[in-house]
Amino acid sequence: MASPQISSLSWGHMKVQGGGSYKDCKVWPGGSRAWDWRETGTNHHPGVQPADLDELLSKGIDLLVIGRGMSEALQVPGSTLEVVRGRGVEVCVLQTEKAVEEYNRLAAEGRRVGGVFHSTC
């Protein structure tokens, strides 16, 4: 299954092909869903937690792209990156617009890429 393209991004809104419209989202080969920070108690600080990524890591991805927000307010602790790399998955952390561009490029190449994207601050 291919990773779906993110067809549009603006402040507070993302649209995933074949999926839906989201504020923040998770995408993986064959699917997408809203990324609800309340599920894991995530906040801008300390940032993305391993629990936020467990679902994606279970989907057989080879590479994970994390979008930190339009102003990069969302933190990504080194300990979270260690967990991802420890599972044999490459990880790329970027400002959200750049992260979406990179994710779409990798998906278009047929890579088994997943992502989590914050579409505001």
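This is a predicted model: local features need pLDDT of at least 70, side-chain atom pairs count only at pLDDT 80 or more; totals for chains, interfaces and linings use all residues.
**Notes on the sheet and its helices**

1. Five strands form an open sheet in the order E5-E4-E8-E6-E7, and the pairing is mixed. At the edges you will find strand E5 (31-34) and strand E7 (90-94), each of which pairs on one side only. From one strand to the next, the twist averages 10°.

2. Next, the helices on the sheet. Helix H1, covering residues 50-57, lies across E4, E5, strand E6 (63-67) and strand E8 (113-117), and runs at about 30° to E4. Helix H3 (residues 96-108) also packs on the sheet, where it touches E4, E6, E7 and E8. The direction of H3 makes about 165° with that of E8.

3. How do H1 and H2 pack, and how far apart are their axes? Helix H2 spans residues 78-86, and the two helices pack at an angle of about 20° with their axes 10 Å apart. Angles under 35 degrees count as roughly parallel, so H1 is roughly parallel to H2. Their crossing is right-handed.

4. Finally, here are the residues to look up in the viewer. H1 contributes Pro50, Leu53 and Leu57 to the contact, while H2 contributes Thr80, Val83 and Val84. Sorted by class, the contact of H1 with H2 has five nonpolar residues, one polar residue and no charged residues.

Conventions
Residues are numbered from 1 along each chain as its sequence is written. Side-chain values use heavy atoms; hydrogens and water are left out. Two strands pair if DSSP finds at least two bridges between them. Helices (H or I, at least four residues) and strands (E, at least two) are DSSP runs, numbered from the N terminus. Axes are lines fitted to C-alpha atoms, for helices over the stretch in contact, and angles run from 0 to 180 degrees between N-to-C directions. Contact means heavy atoms within 4.5 Å. Angles under 35 degrees count as roughly parallel, over 145 as roughly antiparallel, 65 to 115 as roughly perpendicular and the rest as oblique. A crossing is left-handed if the near helix is turned anticlockwise from the far one by less than a right angle, and right-handed if clockwise. Ala, Val, Leu, Ile, Met, Phe, Trp, Tyr, Cys and Pro count as nonpolar, Asp, Glu, Lys and Arg as charged, and the others, Gly among them, as polar.
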